Amino acid sequence: MTALTAPIDQHKAEKFAQSMLGTVNQAALALMLSVGHRTGLFDTLATLPASTSAQIAEAANLNERYVREWLGAMVVGRVVQYDPDTQTYALPPEHAAFLTRAAGGDNIANTMQWIAVLGQVEDRVIDKFRHGGGVHYCEFHRFHEVMASESNNTVVTALESAILPLVDGLIDQLEAGIDVLEIGCGAGRASCWLAERFPNSRFTAYDLCDDALAVGLEIKRDKGLSNLTLKAHDITELGHQDAFDLALAFDVIHDQKDPARVLDNVRSALRLGGTFLMQDISASSYVEKNLDHP
């Protein structure tokens, strides 16, 4: 007997169907939240009193017809409040705290961009199901742009206040001057910030794609960061031995095709007593002292 011929519990079936319809609705809402972030509509709404669609469109410098449709989706999704008597819309401050650029790392609308980014490579992923292999992350349209925005909110702004203090004395070491490696640096914003903040230390940052590094290279040129090297390099073939005092990995390890090999490479690249500082979605932070490295 298969799932297609087995007896059906009608209550369970209807409950599951409702759950799936809810998923469809939430997926559509996620895309609309991304649109609200990218167009700046949430930021605009947060600065306005209850306003009409025309007033909101004018303030955001956008087309009123599209703004009105988007507002309808936001009302149905219970994100924006609507007053039918005055035909005005308002973003509650409790919602703005998680949907505007002013929210920083709490801005969930920024994260919603990933739904559209990942959806664009569905055909390529389906092909890999049939033929194996992988989809290179250079093929993910806007990947680097969205990743840089998210990293700036969650990593760069927290470096001095939360991340570096995880290791006792690390800030003092950086100020005195050490050799630092960042793997999977993306646009390189974290290493750029560190290189500017700690001019006595030397920084090397690698990412797989040249286009990912374009922003970081521009920042490096503009700020004259001579203590920073940004380079496209496959970290599964790291090739360093006893070269660094500190290694950094921010939301990187879980993306690797061979995480164990990458971690072995990092261990080899660290000098005796060196430190590996990692922040990842699977663990908020992780620090390892490389004390037993031969």
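## Strand E6 and its partners

Strand E3 (residues 179-183) pairs with strand E6 in the parallel sense, over four bridges. Two strands count as paired if DSSP finds at least two bridges between them. Within this pair, valine 180 stands opposite leucine 246 of E6. E6 is also joined to strand E7 (residues 270-280) by six bridges, and these two strands run parallel. Here alanine 247 is opposite phenylalanine 276 in E7. From E6 the chain crosses through helix H14 (residues 259-269) to E7, a β-α-β crossover that is right-handed. Right-handed means that, with the strands pointing away from the viewer, the path from the first strand over the helix to the second runs clockwise.

E6 covers residues 244-250, and six of its seven residues are buried, so the strand is largely enclosed by the rest of the structure. Buried means under 20% relative accessible area, with a 1.4 Å probe and protein chains only.

## Basis of the description

The model is predicted: local features need pLDDT of at least 70 and side-chain atom pairs count only at pLDDT 80 or more, while totals for chains, interfaces and linings use all residues. Residues are numbered from 1 along each chain as its sequence is written, and side-chain values use heavy atoms, with hydrogens and water left out.

Helices (H or I, at least four residues) and strands (E, at least two) are DSSP runs, numbered from the N terminus.

## Helix H4

Helix H4 spans residues 64-76. Its 13 residues should span 18 Å at 1.5 Å a residue, and the end C-alpha atoms are 18 Å apart, which agrees. The expected span is 1.5 Å times one less than the number of residues. Val67, Trp70, Leu71 and Met74 are buried in H4. They cover an arc of only 105° around the axis, which puts them on the same side of H4. The arc is that of the directions from the helix axis to the C-beta atoms. The buried residues of H4 pack against helix H1 (10-38), helix H2 (41-47), helix H3 (53-60) and strand E2 (88-90).

At the start of H4, a side-chain oxygen of asparagine 63 comes to within 3.0 Å of the backbone nitrogen of arginine 65. Arginine 78, which follows H4, has a positive phi, near 60°.

## Valine 67

Valine 67 has a relative accessible area of 2% and is buried. Leaving aside neighbours within four places in sequence, valine 67 is in contact (heavy atoms within 4.5 Å) with Leu41, Ser53, Ile56, Ala57 and Leu62. Valine 67 and serine 53 are 14 residues apart along the chain, and their C-alpha atoms are separated by 6.5 Å.

Notes: Buried means under 20% relative accessible area, exposed over 50%, partly exposed in between (1.4 Å probe, protein chains only). A polar contact is a pair of N or O atoms within 3.5 Å; within protein, one must be able to donate a hydrogen and the other to accept it, and residues adjacent in sequence count only if both atoms are side-chain atoms.
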